[in-house]
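Reader: I am new to this structure. Please take me through it, and tell me what stands behind each term.

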Amino acid sequence: MSEQTPALRLEDIVKTFPGVRALDGVSFSVLPGEVHALMGENGAGKSTLMKVLGGIYQPEEGRIFIEERETVMHGPLEAKAKGVMFIHQELSLAQELSVAENIYLGELPRKAFGRVDWDTLYSRTDAILSKLKVSFNARTRVGDLSIANQQMVEIARALTVDAKAVIFDEPTASLTDAEKSVLFDVIEDLKAQGVGIIYISHRMEEIFRITDRISVLRDGEYRGTLETAETNEDEITQMMIGRSLDLSRNFEELELGKVALRVEGLSCGKLFQNVSFEVRQGEVLGFYGLVGAGRTEIAETLFGLRTPTAGRIFLKDEEVRINSPIDAISKGISLVPESRKEQGLVLGMNCRDNITLPQVDDLKAGPFVAEGAEVSIYDQYRDRLSIKSPSWRTAVGNLSGGNQQKIVIGKWLSMRPEVLIVDEPTRGIDVGSKSEIHNLLRDLAKQGYAVIVISSEMPEVLHVADRIVAMYHGQVMREFDASEVTEDGLIQAISGITNDAA
Amino acid sequence: MAEASTSERGAARGTSSDTMKTVGAFLARQGILVAFILFMIAFTLWNPRFIDINNVFGVVRSSAILGVMALGVTFVVIGGNLDLSVGSMMSFSAIVVLDLHENPAFGPALAIPAMFAMTLCLGAINGFLIGYLRLNSLIVTLGMLSAIHGLTLTYSGGQNMDIANQSATWFDVFGRGDALGIPIPVLIFVGLAAFLGIVLAKTPFGRKVYAVGGNGTAATFSGIPRARVVFFTYMISAFCVATAGLIQASRTMGAQNTVGQGMELEVLAAVILGGASLLGGSGTIFKTVIGVLILGFIQNGLLLAGLEFYAQFVVTWIIIILAVWLDIATKRGRLWSPIA
């Protein structure tokens with residue numbers, strides 16, 4: 001392979017931000033027809049490197065080569081013109097336009113007098129779509145497509161140019177298994193056409209399934225490249241975090257307390273129906289299911305953000321109605337929401353103020369906020385959750401994903417809730433912080449909290465939950481005891497297969 | 001807050017280039033203050049009369065009305081909204097208080113609280129539509145600008161209001177009086193700025209305004225009554241407008257229906273110039289006060305330079321554009337960044 005001309009090569013890239021060396025001499029190359037994984041914890045420099053490649057950031061040092069010709073990138077359009085395409089995690093499509101218009105946006109084929117040549121546009125688009133074996137056509141409105149299909153549109157866009165390298169940034173974050181295998185087929189096709197592919201993902205299983213080589217970044221430094229066939233998860237993890245990780249299920253069964261929360265026949269329109277469960281003090285109840293199975297909606301209903309259409313909620317055997325988050329908080333329910341940045345934190349606000357936000361009315365010295373008391377609450381949870389932040393004055397937007405999540409958890413622990421609901425506790429968080437947060441959730445149960453963990457990741461629910469509720473299309477399919485559940489049984493349950501022998 | 005952490009880290013490393021960056025970051029953060037000082041020096045060199053104590057007092061005094069309004073709008077902007085109705089609302093307040101002053105059933109002592117109550121009702125309409133019905137603040141307050149203007153004209157029948165017997169009332173104290181040699185309008189401005197500055201920086205309510213403007217969804221998820229917070233930012237704005245209307249009416253002892261016309265833009269210019277983000281979540285009362293003074297001194301400087309008064313309207317626009325551009329450029333890290 002080494003004799004081949006790399007499709008793309010980066011040499012000694014250095015990029016600094018005030019006080020941080022985000023990339024410290026990173027070199028990295030992708031061969032044509034190769035799938036090259038780029039791995040590293042959050043904050044390791046992956047996205048900075050991609051922004052340098054896309055011309056969004058200019059590196060202070062280092063060079064970029066495309067097919068061994070040195071080049072300077074000034075922006076995404078230039079990157080595209082030079083054959084470097086990005087498939088972003090967050091989609092950037094115009095929802096109201098057709099698939100064809102999105103794919104050729106900015107370069108629609110023209111007829112006389114500048115009129116759009118629709119026939120050519122649609123036939124070209126359909127030709128590309130047929131390669132992708134998708135179920136929609138050039139005229140479909142993008143807003144009507146699923147997220148997975150929208151991703152296919154982005155990929156189709158990459159196919160319109162003579163791409164030398166295509167970068168996939170966490171492409172499977174919101175895909176189902178079936179959709180994933182279509183994506184992997186497309187990647188195989190691109191590979192066969194001699195395109196170099198950079199594949200960024202946290203998911204080991206995918207990395208080992210589709211990539212040829214793996215490069216690892218840690219703290220902005222290049223740690224090395226390995227042949228996928230000659231390495232294993234442990235080795236990669238060690239390179240990423242500098243130590244090995246134990247993800248096995250090794251916690252002791254906890255002493256169960258009283259029933260903290262009991263839900264009977266709870267329904268909310270079409271979102272979920274007839275959901276019943278209970279959670280005791282000192283246990284972690286897991287909710288597992290696919291995206292859209294209704295898990296988050298149950299959490300939002302318990303937190304007063306949605307109004308149930310039927311059913312009853314009991315806190316410590318007393319029936320309650322929860323009309324608003326304020327209501328939920330005062331009754332002792334806390335929710336660490338699914339989306340840290342959108343729902344969990346005010347990113348421009350400092351760490352201390354974020355943690356004390358829900359109780360700012362109760363922390364008063366006369367008419368003023370008792371800032372001293374706030375600092376000691378911050379200090380307490382910084383120590384307890386080992387939050388790494390330069391100071392309480394630091395804006396949470398400047399912290400890593402893991403530390404941000406700890407701030408959200410700290411915010412809700414400081415409210416001393418009866419029931420703590422945690423929705424996707426480790427989404428977008430690197431491996432190191434992940435196991436820390438898992439241990440933390442177990443610890444909380446040990447201290448007597450009733451914890452509900454909602455997750456789309458099977459290893460996560462298997463690792464932290466005592467019991468697992470499997471959901472499918474707004475229905476509870478089954479409840480499992482974590483000590484006797486099998487992966488097959490869980491998968492069948494969340495896929496809607498009602499086989500009690502599982 | 002974001003900059004504080006970067007500069008701390010920079011300072012901890014202590015290399016010379018880091019020191020430069022720290023100084024640079026400090027200047028960028030205090031850019032508005034630095035620009036202000038440079039501007040003052042330049043104008044003083046050019047025309048020493050500029051820094052004359054009487055001139056400075058004159059500027060502060062004439063900025064007081066605008067300044068009082070800007071204090072309220074600061075709350076609205078930090079809460080993530082706009083208030084374009086303050087100019088026409090101020091005309092309304094001035095006309096109403098003058099009319100009631102002349103009404104024998106009221107007199108000055110009752111005219112003032114009655115006017116405050118009526119102005120607060122207008123603020124409540126803004127706050128209700130924007131906070132509770134979640135309508136777009138630009139549309140609501142732009143509509144209110146026009147509606148209140150109509151209301152004022154209907155109320156006054158299109159007539160200017162004047163106080164007939166000026167020697168028989170103590171009403172002129174708010175606009176013309178002074179205490180310890182300091183004009184009352186300036187004292188009101190400074191006092192209100194101190195009070196509202198503390199409310200914003202030190203009370204739970206102030207904290208919630210930042211949270212709602214910084215990330216409304218996260219505020220909801222933290223159990224903050226978002227609608228109520230937004231409602232009260234508009235009530236504060238209306239209170240400030242009423243105060244400004246009182247000073248205006250008292251200063252001229254009469255008013256036209258259009259006395260506050262166009263001030264919404266100047267107020268917004270002062271708030272943005274102070275560094276509050278139009279996206280919400282950032283800004284302080286102190287910065288707004290600086291913004292008000294800068295705007296006042298620039299307008300004064302241009303007058304001294306012999307520019308027509310009317311040129312101020314164009315200058316205000318240029319200042320807004322420059323302030324917004326600098327704000328965006330600091331965030332993006334470059335001046336030139338067109339829509340790709």
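Author: Let us start with a helix. The 14 residues of helix α5 (residues 147–160) of chain A should span 20 Å at 1.5 Å a residue, and its end C-alpha atoms are 20 Å apart, which agrees. The expected span is 1.5 Å times one less than the number of residues. Helices (H or I, at least four residues) and strands (E, at least two) are DSSP runs, numbered from the N terminus.

Reader: What kind of model is this, and how are things numbered?

Author: This is a predicted model, where local features need pLDDT of at least 70, side-chain atom pairs count only at pLDDT 80 or more, and totals for chains, interfaces and linings use all residues. Residues are numbered from 1 along each chain as its sequence is written, chains are lettered from A and ligands numbered from 1 in the order in which they are written, and side-chain values use heavy atoms, with hydrogens and water left out.

Reader: What makes α5(A) mostly covered?

Author: The count does: 11 of its 14 residues are buried. Buried means under 20% relative accessible area, exposed over 50%, and partly exposed in between (1.4 Å probe, protein chains only). Among the buried ones are A148(A), M152(A), I155(A) and L159(A). Charged residues E154(A) and R157(A) are on that list too.

Reader: What covers the buried residues of α5(A)?

Author: The cover includes β6 (84–87), α3 (99–103), α4 (118–132), β7 (165–169) and α6 (177–192) of chain A. Contact means heavy atoms within 4.5 Å.

Reader: Why is H101(B) called buried?

Author: Its relative accessible area is 9%. The limit for buried is under 20%, so H101(B) qualifies. H101(B) sits in helix α5 (residues 86–102) of chain B. Leaving out residues up to four places away in sequence, H101(B) touches G107(B), P108(B), A111(B), I163(B), T169(B) and F171(B).

Reader: What joins the side chains of H101(B) and E102(B)?

Author: A polar contact of 3.0 Å. The term means a pair of N or O atoms within 3.5 Å; within protein, one must be able to donate a hydrogen and the other to accept it, and residues adjacent in sequence count only if both atoms are side-chain atoms.

Reader: Is I65(B) buried or exposed?

Author: Buried, because its relative accessibility is 4%. I65(B) lies in helix α4 (residues 53–78) of chain B. Its contacts, not counting residues up to four places away in sequence, are M90(B), A244(B), I247(B), Q248(B), R251(B) and M263(B). Over chain B, buried residues make up 51% of the 340 residues.

Reader: Why do R141(A) and E96(A) count as a salt bridge?

Author: A salt bridge is a side-chain nitrogen of Lys or Arg within 4 Å of a carboxyl oxygen of Asp or Glu. Here the N to O distance is 3.0 Å, so the pair passes. R141(A) is in the loop between α4 and α5 of chain A and E96(A) in the loop between β6 and α3 of chain A, 45 residues apart. R141(A) is partly exposed at 29% relative accessible area, whereas E96(A) is exposed at 61%.

Reader: How do you know that D317(A) and R262(A) form a salt bridge?

Author: Their N to O distance is 3.7 Å, and the limit is 4 Å, so they qualify. D317(A) lies in the loop between β14 (310–315) and β15 (318–320) of chain A and R262(A) in strand β11 (residues 259–268) of chain A, so the pair ties together parts 55 residues apart in sequence. D317(A) is exposed, at 58% relative accessible area.

Reader: How many salt bridges cross the interface of chain B and chain A?

Author: The rule finds 4. In one, D353(A) pairs with R207(B), with the closest N and O atoms 3.4 Å apart. Salt bridges that share partners join R352(A), D353(A), E371(A), E374(A), K202(B) and R207(B) into one network.

Reader: What area do chain B and chain A bury between them?

Author: About 2900 Å², 61% of it on carbon and sulfur atoms. Buried area is the accessible area (1.4 Å probe) that two parts lose on being put together, summed over both. The contact takes 28 residues from chain B and 44 residues from chain A. Across the interface, 9 residue pairs are in polar contact.
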